[in-house]
There are 2 protein chains.
Amino acid sequence: MGAAAAAVPAAEAKRRRHGPRRRRADVVVVGAGLAGLTAARALKRAGRSVVVVEARDRVGGRTLNHAIGGGDVADMGAAFVGPTQDHILALIKSLGIKTFPTYNTGSNVQLIKGVRTLYPAEGLPPDPGVTQDLPALLGLDALAKEVGVNAPWNAARAAELDSQTLATWAEANLQTETGKTILETAVQPNWGAEPRDLSLLYVLFYIAAAGNEKNPGSLVRLITTGGGAQESRVHGGTQLISAKLAKALAGRVELGAPVRGITQRKGGVQVHAEGLEVHARHVIVAIPPTLTGQIEYHPKLPAKRAQLVQRMPQGTLIKCEAIYDTPFWRDDDLSGQAVADVGPARTTFDSTPRDGRPGVMLGFVGGHDARVWAERSKAARRAAVLKNFADYFGAEALKPKSYLEQDWSDEVWTRGCPVGFTAPGVLYEYGAALRRPVGRIHWAGTETSTYWIGYMDGAVRSGQRAAAEVLRKK
Amino acid sequence: MGAAAAAVPAAEAKRRRHGPRRRRADVVVVGAGLAGLTAARALKRAGRSVVVVEARDRVGGRTLNHAIGGGDVADMGAAFVGPTQDHILALIKSLGIKTFPTYNTGSNVQLIKGVRTLYPAEGLPPDPGVTQDLPALLGLDALAKEVGVNAPWNAARAAELDSQTLATWAEANLQTETGKTILETAVQPNWGAEPRDLSLLYVLFYIAAAGNEKNPGSLVRLITTGGGAQESRVHGGTQLISAKLAKALAGRVELGAPVRGITQRKGGVQVHAEGLEVHARHVIVAIPPTLTGQIEYHPKLPAKRAQLVQRMPQGTLIKCEAIYDTPFWRDDDLSGQAVADVGPARTTFDSTPRDGRPGVMLGFVGGHDARVWAERSKAARRAAVLKNFADYFGAEALKPKSYLEQDWSDEVWTRGCPVGFTAPGVLYEYGAALRRPVGRIHWAGTETSTYWIGYMDGAVRSGQRAAAEVLRKK
């Protein structure tokens, strides 16, 4: 697909003869991920006509099912849901989809400085460093509360908190090397980044967002399984949610149509996609912030918005899944969860389907490890990830039936996972432009949410909020 | 111009009939700024055929002449050249263009905490804070030497230096509020940013680059006038350099043709621009890193490159120029240079043409001030900037003959000035992708230089280097 229409002479020739197809709707939505599809559903329910335009030949954005035989799937993108994520949970329920608990029984593995230690799945890593640094880490919740979810850029100490990286905070506030290592291990899968990449203000915003209107956000809820963001999984895979949403919008979702330009005129907008032009009264752009910067706008966007999206990169994350006949680690009373100081796969989860077969081990390769390992061969990555699994769970891990991986940084229509984040200086100066509409353009996507940014719940919330904005306008 | 070809029905209709115009050359260059034009010149001299494709309807990129009457011009973009900038100086000379000294006679003004102090133009601000913090600031040169210009990402302490912002360094190393204020005042025009926006490693790289192969870079050379990067100006305006380069390439520069896609095939490349398709053996992309991310590549770029350009935003800079009958400040023995802790125009220069008339006062509005003031009315900006000038140089400054401004963040084909910079974590992880060719694609632009990054000299060097890369290939 793409600008290189010249690379598809037949399509180009056809377009030259006929020009792009034209459609008309009350609202056009750019992006058929969870945010865009949720927005489209809300608009349709309110009686508006809608067209969703999607660059890929599939729906679901950062969710992706991969069939692993026997009707089972592996989640190659977003995988987990948990308490306080009310909006995605309600959506899942309304679509008749089931969730089930993430396997969280027995012992987790900690592998630090070559020493393998077991600890209860419901507990904390036993390292003295963790114990010593826990108060400081938990102290982030209070700072997060101070920052809030609605306009962290207006917080009293916003400039100060946005002047340093999370690494600088860790250097000043954590006393042990293990504490810093554990923080790194949490940051890599959560943001696809390193502590040095992240603004402290942004991290606090993100922690504040790990809750809902009744329950203040907390770091523990963000990173834990039982009672936390990894508590449950989606039977049939998370992409099923988008597939069902799209089905209900049958005929209104245009795939394979990357959007090149958005023109605002008196009374309406035109969305110019590959081979398709949609005229509507409003547009909801529901793609990662960095990708919104790929579209050409007429009139041009305000400088603040144009500069924001230069400053909100997508994280770096590779999901690796090894498939075994059975989840053999369960026999050894292991939960399948590990944290380690050596990569590439420094955190793992048991991602076996609900019925317990086949065994699926998920490894997250994030941040620095993802950047380094993405440049090596798939065979080298496979060998290194399986060695990690073996070090955590035993030699049986070396011989999977199959091995899958998904490098989200290599996806042209995502550019990285799990989320677009900000380095220091950005949220304070540009945060206000994140979801401020520009005329008839409204912004959605998990990055624009106030709760559960970076999660499916944030995507759903953002789609609902953008749809409500549009509905209020008419 | 742009994707919204539908906004120009006649052009669209014509293109539908005929398809894009086609050209062929040995090398196609994307971007007719100093980097691209220098590359094209070098290739032409080596006997290669070349086509330069430019989005704007003018050449010169971040240089821009604005006529102010009587044949004089104001530099609305890059303005200064200085010692060790050998490549731009040689180019200027070879084109028969003259330079002349930036006015640097009499006293500079310091306005800190409401107190206006004068100090010699060749000296330092007299504030005790500056004296106290000077050793720490000068100490950056030694750190910069350690980092070097060729591969700062490989420096021994690269990860550590790229884990913090310049603000964090200042907090730990500067002892006075004035020291921090002066640093801010230097950072705003130099990077269009705040100390909190910048990685310490990147700043050290940039300082190391403020020199040449024989003279190590220094902070003082970066920020001073006599003997420094602001030493001289270009008679006729800096855009004249590009105009002359383009004239010598007559018929080979295509204006108004934004590039949408680059396709690499066996044996060659195709560059797909608005209404134009160029076939060549190699392509040199000579535009700011963030804009290289707007082009669609087939095959797609390596993830490391695709993620780098999400992480290298353009700075935020507004240049304001007030025109007076004469440079009246000279009568009061003032140099026209000021530093202040209150914006929007916190640094100024006498930008009068060589013959001394009319008087032109230049104010830089950068970083935070540029972000805030860009959203206000032009009348409000004008009043605030002229008030700054009056506070520095007297009430006569309030009544200019005319007032000009250029907000580079609002330029779709630049996205910000003076330079693309990096926040923490980026140079260490992604720096190696900055000028590494991708097949037949070579990268130029001042950000890819090893010396005088962000300056015209860096642009010229980068164009020469990219041309040499291509010539070596054949």
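In β3(B), B:Val52 is the bridge partner of B:Val29, and this bridge belongs to the parallel pairing of strand β2 (residues 27–30) of chain B with strand β3 (residues 50–53) of chain B, which runs over four bridges. Strands are DSSP runs of E of at least two residues and helices are runs of H or I of at least four, both numbered from the N terminus, and two strands count as paired if DSSP finds at least two bridges between them. The sheet in question is open, has five strands in the order β11-β3-β2-β15-β22 (chain B), and is parallel in its pairing. Because β11 (253–254) and β22 (441–443) of chain B stand at the edges with a single partner strand each, one side of each is left without a neighbour in the sheet. Helix α2 (residues 34–45) of chain B lies across β2, β3 and β15 (282–285) of chain B and runs at about 170 degrees to β3(B); such angles run from 0 to 180 degrees between N-to-C directions, with axes fitted as lines to C-alpha atoms, for helices over the stretch in contact.

All of this comes from a predicted model, in which local features need pLDDT of at least 70, side-chain atom pairs count only at pLDDT 80 or more, and totals for chains, interfaces and linings use all residues. Residues are numbered from 1 along each chain as its sequence is written, while chains are lettered from A and ligands numbered from 1 in the order in which they are written. The pLDDT, the predictor's confidence in each residue from 0 to 100, has a mean of 95 in chain A, where 96% of the residues reach 70 or more. Over residues 1–8 of chain A pLDDT stays under 50, and for this stretch the model has 26 contacts beyond four places in sequence, a contact being two residues whose C-beta atoms, placed from the backbone, lie within 7 Å. For the complex, the predictor gives an ipTM of 0.95 and a pTM of 0.95.

In chain A, strand β2 (residues 27–30) pairs in the parallel sense with strand β15 (residues 282–285) over four bridges, and A:Val30 has A:Val285 as its bridge partner in β15(A).

| Domain of chain A | Residues |
|---|---|
| Domain 1 | 5–61 + 239–301 + 438–473 |
| Domain 2 | 65–82 + 101–105 + 232–236 + 315–410 |
| Domain 3 | 126–222 |

The centres of domain 2 of chain A and domain 3 of chain A, taken over C-alpha atoms, are separated by 26 Å, and 13 residues of domain 2 of chain A are in contact with 10 residues of domain 3 of chain A. On the domain 2 side of this contact in chain A, β20 (359–366) and α13 (368–373) each supply at least two residues, and α13(A) gives the most, with three residues.

The same surface serves both copies, since 100% of the contact residues of chain B recur in chain A. In this interface, 50 residues of chain B are in contact with 50 residues of chain A, and α12(B) gives the most to the side of chain B that touches chain A, with four residues.

Methods: Domain bounds come from an automatic or database domain assignment.
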